[in-house]
Amino acid sequence: MSSADSTFKRFVEVGRVVLLKSGPFSGKIAVIAEIIDHNRAIIDGPTTGVPRQSYPYKHLTLTTLTLTKLPRAAGSGVIKKQLEKEATVEKWDKSSWAQKRAAAEKRRSLNDFGRFGVMLAKKQRRDAVRKSVVKAKKSS
């Protein structure tokens with residue numbers, strides 16, 4: 001069975017961009033620089049503030065992004081140049097996954113007054129939608 005037949009699209013590979021699920025750098029992205037064994041990889045995030053370190057796969061989430069032509073065991077400088085050349089961090093920031101995470105974080109950081117403002121905005125939107133639906137029903 002070839003990889004084309006497989007249902008899996010994201011693989012643990014050198015150059016794969018990963019999202020860290022836990023630890024002090026949780027929520028940041030990094031790149032797999034080298035595969036150690038079936039449990040751990042060396043990751044590096046020179047542009048995102050993640051230092052080069054060994055990290056277990058169970059604390060990583062594989063993203064759809066990869067760095068092309070990244071040699072095995074590439075140093076931080078090489079990874080940084082490749083990230084900037086391919087604008088990978090910008091691609092990540094524009095992805096719907098990253099935007100949903102940012103929106104959820106923004107909601108989590110709201111205080112009581114902020115949540116109240118969101119509630120009022122939702123009410124106004126709901127009212128406007130309801131009125132337009134009623135208007136559309138009457139015209140048809």
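**Charged pairs and surface patches**

A: Asp-44 and Arg-52 form a salt bridge, their closest N and O atoms 3.3 Å apart. The term means a side-chain nitrogen of Lys or Arg within 4 Å of a carboxyl oxygen of Asp or Glu. The model is predicted, so local features need pLDDT of at least 70 and side-chain atom pairs count only at pLDDT 80 or more, while totals for chains, interfaces and linings use all residues. Residues are numbered from 1 along each chain as its sequence is written, and side-chain values use heavy atoms, with hydrogens and water left out.

Asp-44 is buried, at 2% relative accessible area, whereas Arg-52 is partly exposed at 36%. Here buried means under 20% relative accessible area, exposed means over 50%, and partly exposed falls in between (1.4 Å probe, protein chains only).

By this rule the salt bridges number seven. Asp-37 and Arg-40 make one of them, with 3.4 Å between the closest N and O atoms. Asp-37 is partly exposed at 29%. Arg-40 is partly exposed too, at 35%.

Another joins Asp-127 to Lys-131, at 3.4 Å from N to O. Both residues lie in helix α4, four residues apart, about one turn of the helix. Helices (H or I, at least four residues) are DSSP runs, numbered from the N terminus. Asp-127 is partly exposed at 36%, while Lys-131 is exposed at 56%. In general, side chains of opposite charge can pair when their charged atoms come close.

Now the surface. Arg-107, Lys-122, Lys-123, Arg-126 and Arg-130 form a positive patch. Patches take residues with over 30% relative accessible area and no salt bridge, joining like charges within 9 Å and nonpolar side chains (Val, Leu, Ile, Met, Phe, Trp, Tyr) within 5 Å. Lys and Arg count as positive, Asp and Glu as negative; His and the chain ends are left out. Each charge is placed at NZ of Lys, CZ of Arg, CG of Asp or CD of Glu.

Helix α4 (residues 112-139) gives the largest share of the positive patch, four residues. Arg-107 belongs to helix α3 (residues 96-108). Arg-107 is exposed, with 56% relative accessible area.

There is also a nonpolar patch. Phe-113, Phe-116, Met-119 and Leu-120 make up about 410 Å² of surface, with areas from the Shrake-Rupley method, a 1.4 Å probe and, for residues, only the protein chains shown as cover. Phe-116 sits in helix α4 and is partly exposed at 40%.

Key:
Helix = DSSP H or I, 4+ residues; strand = E, 2+ residues; numbered from the N terminus.
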